[in-house]
Amino acid sequence: MDPTPPNPAPAEPADDYLERRTLRRGSAGWLLLTGLGVAYVVSGDYSGWNFGLAEGGFGGLGIAMALMGVMYACMVFSLAELSSVLPTAGGGYGFARRALGPWGGFLTGTAILIEYILAPAAISIFIGDYVESLGLFGLSSGWPVHLACFVIFIGIHLWGVGEALRFSFVVTGIAVAALLVFAVGAFMDFDASKLNDIPVDADAFGANSWLPMGLLGIWAAFPFGMWFFLGVEGVPLAAEETKDPARTLPRAIRWSMAILVVLALLTFFASSGARGANAIQDAGNPLVEALQPDGEATALSRIVNYAGLAGLVASFFSLIYAGSRQLFALSRAGYLPRFLSLTSSRKAPYLGLLVPGAIGFGLAAATGDGARMLNVAVFGATISYALMSLSHIVLRRREPALDRPYRTPGGILTSSVALVLACAALVATFLVDVTAALIALGVYVVALAYFGVYSRKHLVARAPEEEFAALAAAEAELERN
């Protein structure tokens, strides 16, 4: 694809255009960003992943988790390089814009937005379920709890990014500490024979006690294996608010992924081995179920229950941040209505926070179907993963001399592995929930129609991502001459 806009903006924006669309610089170091990367994901350790046991059994989900772990590892190493080259708030959209042109950038940015708007909506429903099950304040799960989530946590984001990231770091620390305590308690009751206690489907090809749904069950479990890592790719979205992003972002991305791998392994084995895979495959709170073999609450299960709420809050809070920054970058460059990228006196993209929040709350209150919204989010995520991995490959081939402060180990081979596995995961979403996949496709069609008819003709040449692309085009022209 041509890296320059086929229809550039008809006129330069006003002189104060970018001044009114500026984020607070230098607010986050590598430690806060590492916490942000873990916060995006940590709720997935507390719930959701276990439904993959019903799709593939312990062996099937284990293999799916390993393959998805490889996909994420390869992808984040590729993103670490791309974020050191293009440290802007656009994140994945900015990378794809440079490599695949405006259409590729918009496709990627839209996929990321689908993920980061739908996932918080789903998590707000899960938070409501936790509040009700714990009997907090006598509340039941419903729209008042969902509204409180969006109002309180968007309010903290409007206060400022530094304060928001520190709040996220503290809540994430509580959730991670509780996971470690859970693992110690669960491993005390570990029994390897419980791992493969799901009944075998004799009609499934290749079925056995470890793969009770057969070989196809491995593929069907891909989306659930992703839940141990879904969202970590959002770390580069903090680029413009980071100290020394070329060095800080790669370091934070690598550390986030390392921590998440350890937590995934501990959670998966401890939960399944303590109570049995069959007992927790349909549980809304699998870690608590794993600690209650007789159905009676214990002191440890209560601690983990409250920590699960903290984990959900951490992911909800962080995904709101990621979605606002992606929307901000797309709007600032003209891909979406420009007013969405205006920032407040505290340099927070207030409409980028309020508009997705309103959409998320509306979806949560109207449907109450968190599982389906998460499946829609996974569909969007897999598309963005494929396009971001492809962007790394294209830039390595087309611009080999580009200054890369950090280089991906394995180079193109690494990003190629991520690309293949992302495509496989995309197809797997149809095996789990065809309706969710079709909903996401419908959103895509509407967004692409808007871009094709209007916004591609009104891109902002002075936006950072567009300037990077224009510079690349100019350099290529000089080389040809």
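## Overall fold

What share of the contacts in the protein chain with a separation of 6 or more comes from residues 24 or more positions apart? In this predicted model, such residues account for 84% of those contacts. The protein chain holds 17 helices and zero strands, and 59% of its 481 residues count as buried.

The accessible surface of the protein chain comes to about 17,800 Å², and carbon and sulfur atoms contribute 67% of that area.

## Packing of H4 and H12

Helix H4, spanning residues 92–134, packs against helix H12, spanning residues 299–332, with the two axes 8 Å apart and at an angle of about 150 degrees. Because angles over 145 degrees count as roughly antiparallel, H4 and H12 are assigned to that class. The crossing in which H4 passes H12 is left-handed, and the residues that form the contact of H4 with H12 divide into 23 nonpolar and eight polar, with no charged residue among them.

Gly225 lies in helix H8, which covers residues 222–225. With a relative accessible area of 0%, Gly225 is buried, since the cut-off for that class is under 20%.

Once the neighbours within four places in sequence are left aside, Gly225 is in contact with Leu61, Met65 and Met68. A further relation across the sequence involves Trp49, which is 176 residues from Gly225 along the chain, while the C-alpha atoms of these two residues are separated by 6.4 Å.

Methods:
Residues are numbered from 1 along each chain as its sequence is written. This is a predicted model: local features need pLDDT of at least 70, side-chain atom pairs count only at pLDDT 80 or more; totals for chains, interfaces and linings use all residues. Side-chain values use heavy atoms; hydrogens and water are left out. Helices (H or I, at least four residues) and strands (E, at least two) are DSSP runs, numbered from the N terminus. Buried means under 20% relative accessible area, exposed over 50%, partly exposed in between (1.4 Å probe, protein chains only). Contact means heavy atoms within 4.5 Å. Accessible areas come from the Shrake-Rupley method with a 1.4 Å probe; for residues, only the protein chains shown count as cover. Axes are lines fitted to C-alpha atoms, for helices over the stretch in contact, and angles run from 0 to 180 degrees between N-to-C directions. Angles under 35 degrees count as roughly parallel, over 145 as roughly antiparallel, 65 to 115 as roughly perpendicular and the rest as oblique. A crossing is left-handed if the near helix is turned anticlockwise from the far one by less than a right angle, and right-handed if clockwise. Ala, Val, Leu, Ile, Met, Phe, Trp, Tyr, Cys and Pro count as nonpolar, Asp, Glu, Lys and Arg as charged, and the others, Gly among them, as polar.
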